[in-house]
Amino acid sequence: MAIQLKLFHTTFSTTPHRFSTTQTNAVSGKAQQLIQSGTVRPVLPKEAASAMKSEGYILLDIRPEWEREKARVSGSLHVPLFVEDMDNGPLTLLKKWVHFGYIGLWTGQNFTMINPDFVQQVEVKVPDKESKLLVACGEGLRSMMAALKLHEGGYRNLGWLAGGFTRSKDDDFSGVEGPEKLQYATIGGVSYYFLKLIILLQAVGKRGAKTF
């Protein structure tokens, strides 16, 4: 299956962390190599339910808790790749302030850091490293990074939800819990209200078109 990975070259701006641009590009490049070589299998959202039901894939949601609580697939496992940075040192506080003004206010995302125990926490929930894991996040980039970490940790039957939950449709997953639609759960802050306004205007436009 041909997947245009360049479509998912969004940045980690919605999930800030302590990685330099060079480190992020290096990790992203290694993860893409795993997917392009077939070592990690790309699975489109519309194919995910079938992969889980027919092929035994376990859905591993690696989004931070504040995204997952908005919407989540019933029965999915959860181990966050990023966790909120609780350091309150002067330098970190400055970074948090800049983050809020530049990103946090618009996206609603907290200032985060890589979960140092990510692989170990997955091992607790899925000790059998031959298990089939379908790694998923909001947009597909964080899950690429998570798949790389899991591969380096010994997991060999990995899938990657291509494009993330934001590219899913309402009927791609049979059970979704939470107050929000799965494809909108990554969106927060001021941008969330812009999204709601756009949806409202689209709905009004469709109703208006039906009256003519």
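Student: What does Phe-118 touch, leaving out residues up to four places away in sequence?
Tutor: Phe-118 touches Ile-62, Val-79, Pro-80, Leu-81, Ala-146, Lys-149 and Leu-150. Keep in mind that this is a predicted model.

Student: OK, and where does Phe-118 sit? Which residues of its helix are buried?
Tutor: Phe-118 belongs to helix α5, residues 118-125, and is buried there along with Val-119 and Val-122.

Student: Why are those three on the same side of α5?
Tutor: Because they cover an arc of only 95° around the axis, they end up on the same side of α5.

Student: And what do the buried residues of α5 pack against?
Tutor: Their partners are β2 (58-61), β7 (132-136) and α6 (141-152).

Student: Let's take α6, then. How do the axes of α5 and α6 cross?
Tutor: They come within 10 Å and cross at roughly 70°. An angle from 65 to 115 degrees counts as roughly perpendicular, so α5 is roughly perpendicular to α6.

Student: Which residues make that contact?
Tutor: On the α5 side, Phe-118, Val-119 and Val-122; on the α6 side, Ala-146, Lys-149 and Leu-150. By class, the contact has five nonpolar residues, no polar ones and one charged residue.

Student: Switching to the core. Which members of the largest nonpolar core touch the most other members?
Tutor: Ile-62, Leu-81, Phe-118, Val-122, Leu-133 and Leu-150, out of 28 residues in that core. The elements giving two or more residues to it are α1 (21-36), α5, β7, α6 and β8 (157-161).

Student: Which element gives the largest share?
Tutor: That's α6, with seven residues.

Student: What about a second core, which residues does it include?
Tutor: There is a separate one of 14 residues, and Ala-71, Leu-134, Phe-165 and Phe-173 are among them.

Student: New topic: Tyr-155. Where is it, and is it buried or exposed?
Tutor: Tyr-155 lies in the loop between α6 and β8. Its relative accessible area is 0%, so Tyr-155 is buried.

Student: What is Tyr-155 in contact with, leaving aside neighbours within four places in sequence?
Tutor: Val-122, Glu-123, Val-126, Asp-128, Lys-129, Leu-133 and Leu-150. One of these, Val-122, is also a buried residue of α5.

Student: How many residues apart along the chain are Tyr-155 and Asp-128?
Tutor: They are 27 residues apart, and their C-alpha atoms are separated by 8.4 Å.

Methods
Residues are numbered from 1 along each chain as its sequence is written. This is a predicted model: local features need pLDDT of at least 70, side-chain atom pairs count only at pLDDT 80 or more; totals for chains, interfaces and linings use all residues. Side-chain values use heavy atoms; hydrogens and water are left out. Buried means under 20% relative accessible area, exposed over 50%, partly exposed in between (1.4 Å probe, protein chains only). Helices (H or I, at least four residues) and strands (E, at least two) are DSSP runs, numbered from the N terminus. The arc is that of the directions from the helix axis to the C-beta atoms. Contact means heavy atoms within 4.5 Å. Axes are lines fitted to C-alpha atoms, for helices over the stretch in contact, and angles run from 0 to 180 degrees between N-to-C directions. Angles under 35 degrees count as roughly parallel, over 145 as roughly antiparallel, 65 to 115 as roughly perpendicular and the rest as oblique. Ala, Val, Leu, Ile, Met, Phe, Trp, Tyr, Cys and Pro count as nonpolar, Asp, Glu, Lys and Arg as charged, and the others, Gly among them, as polar. A nonpolar core is a set of buried Ala, Val, Leu, Ile, Met, Phe, Trp, Tyr and Cys residues joined through side-chain atoms within 4.5 Å.
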